[in-house]
Amino acid sequence: MEDGIQVDVIYTDFEKAFDKVPHKRLLSKLRSYGVGEDLIRWIKCFLVNRQHQVRVNSEYSSFMPVTSGIPQGSVLGPLLFVIYINGLLMYMEKFADCSLFADDTKLSRYVSNQRDSTDLQKGFCALKEWSDYWLLKLNIKKCNVISLSYNNTIIKYKYSATVDNTIIELERCNKVRDLGVIMDSKLSFTDHITVKVNKAYSILGIIKRNFQHVDKDTFVLLYKSLVRSHLEYANTVWSPYKQYLIEEVEKVQKRATKLVHECKHLPYADRLKYLKLPTLKYLRHRGDMIETYKITHGLYDTAVVPNLMTSQVSHTRGNMYKLQKMHSNMILENICLLKELLICGTFAILGC
């Protein structure tokens with residue numbers, strides 16, 4: 001987006017993925033990974049010869065055999081599913097970037113010309129071929145496309161039905177929920193912040209209705225676990241840079257601290273001192289600094305997190321990790337880990 005290049009992302013969904021994993025094919029994949037026969041027989045006993053029934057009110061259906069699927073809620077369930085779907089990455093890598101989280105799969109690619117969009121379409125077709133072969137059906141109604149760019153060029157991506165070869169155009173959207181974070185086409189995260197603030201207010205209302213008197217220790221416990229956790233999840237990604245959004249998020253804590261009767265009459269800064277709580281803005285900045293420290297010191301997988309520009313010059317003052325803050329527009333200020341904190345000398349706060 002900084003270079004003015006559009007990125008198209010296709011979000012896909014497998015229909016009842018955990019319930020449709022065929023047992024025989026899963027066991028064959030385990031053998032291909034080199035799992036021993038004793039362990040495979042143990043896993044087979046875990047999967048096969050199961051029955052289930054359905055209850056509606058007080059009535060039960062007859063028992064039916066379970067011919068496919070992995071028991072959900074088990075320790076082995078997620079691991080076996082990841083083993084089954086893991087081959088998809090190698091099948092897709094030549095067409096587009098592919099990211100997996102359990103049964104959620106997304107394809108992304110820079111789209112600067114017609115060839116790029118064609119490759120992304122080929123990647124989606126390859127995903128369909130893989131899913132058809134391994135008997136995991138795509139839920140086309142939940143597959144959609146989002147373009148990340150300031151000026152979107154509308155490119156149509158299509159799905160060909162297996163049965164009747166019907167061509168279906170993938171639905172386009174301006175925002176999508178990605179692992180709990182609402183992503184919009186311009187990465188402003190305004191919708192995500194609004195949702196999280198409203199969620200925090202609703203939980204505050206529940207606390208207020210169920211606790212007539214909240215002391216200091218009880219409030220801090222309830223607030224940190226039930227309210228602030230919603231405002232902290234993935235905030236390194238969506239941390240607001242616009243002043244009105246910063247104030248909207250901070251208002252949640254301002255209202256929350258008034259629930260403690262002993263300090264409700266005090267100014268906001270004094271309430272925070274009494275409760276020993278930092279501002280939410282400070283927590284976000286501190287989190288950015290910690291994340292950057294991890295990246296520059298190689299604590300993350302460099303294949304996942306791109307290398308930042310550092311000049312390790314020993315004869316300069318301070319420390320050897322000097323970060324060059326590049327000129328950028330407002331969108332980079334929102335999503336880049338550097339932000340305004342990451343100038344020379346900020347790591348001194350962390351004792352680096």
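This is a predicted model: local features need pLDDT of at least 70, side-chain atom pairs count only at pLDDT 80 or more; totals for chains, interfaces and linings use all residues.
Asn49 is exposed, at 77% relative accessibility (exposed means over 50% relative accessible area, buried under 20%, and partly exposed in between, using a 1.4 Å probe and protein chains only). You'll find Asn49 in the loop between H2 and strand E2 (51–52). Helices and strands here are DSSP runs numbered from the N terminus, with helices (H or I) having at least four residues and strands (E) at least two. Most residues other than glycine have a negative phi.

Ala234 has a positive phi too, near 60°, and is also a residue other than glycine. Ala234 sits in the loop between H7 and helix H8 (235–238). With 26% relative accessibility, Ala234 counts as partly exposed.

Residues are numbered from 1 along each chain as its sequence is written, and side-chain values use heavy atoms, with hydrogens and water left out.

pLDDT is the predictor's confidence in each residue, from 0 to 100. The protein chain averages 83, and 85% of the residues score at least 70. Where is confidence lowest, and where is it highest? Strand E14 (residues 310–311) has the lowest mean, 46, and H9 has the highest, at 94. Take care with residues 337–352: pLDDT stays under 50 there, and the model has 41 contacts beyond four places in sequence for this stretch (a contact means heavy atoms within 4.5 Å).

## The overall picture

The protein chain has 12 helices and 15 strands. Of its 352 residues, 40% are buried. If you look at contacts with a separation of 6 or more, 66% of them link residues 24 or more positions apart. The chain exposes about 21100 Å², and carbon and sulfur atoms supply 55% of that. Accessible areas come from the Shrake-Rupley method with a 1.4 Å probe; for residues, only the protein chains shown count as cover.

## Two nonpolar cores

A nonpolar core is a set of buried Ala, Val, Leu, Ile, Met, Phe, Trp, Tyr and Cys residues joined through side-chain atoms within 4.5 Å. The largest one has 39 residues, and those with the most contacts inside it include Ile10, Phe14, Leu80 and Leu170. Elements giving two or more residues to this core include helix H1 (23–32), helix H3 (76–85) and strand E7 (104–111). Apart from it lies another core of 38 residues, among them Tyr11, Cys173, Val220 and Leu222.

Leaving aside neighbours within four places in sequence, Phe14 is in contact with residues including Ile85, Leu88, Trp130 and Leu138. Lys142 is exposed, at 52% relative accessibility, and lies in the loop between helix H5 (114–133) and strand E8 (144–148). Not counting residues up to four places away in sequence, Lys142 touches Tyr11 and Asp13. Lys142 and Leu170 are 28 residues apart in sequence and 9.2 Å apart in space, C-alpha to C-alpha.

## Salt bridges

How many salt bridges does a search of the whole structure find? There are 11, where a salt bridge is a side-chain nitrogen of Lys or Arg within 4 Å of a carboxyl oxygen of Asp or Glu. One of them joins Glu37 and Arg31, at 3.0 Å from N to O. Glu37 is partly exposed at 38%, and Arg31 is partly exposed at 43%.

Arg228 and Glu232 meet at 3.3 Å, N to O. Both lie in helix H7 (residues 216–232), 4 residues apart, about one turn of the helix. Arg228 is buried, at 11%, whereas Glu232 is partly exposed, at 31%. In helix H9 (residues 243–257), Glu248 and Lys251 are 3 residues apart, again about one turn. Their closest N and O atoms are 3.5 Å apart. Salt bridges that share partners also join Arg109, Asp116 and Asp119 into one network.

## Cysteines

How many disulfides does the structure hold? The count is 0, with a disulfide being a pair of cysteine sulfur atoms within 2.5 Å. Cys125 is partly exposed, at 33% relative accessible area, whereas Cys173 is buried, at 18%.
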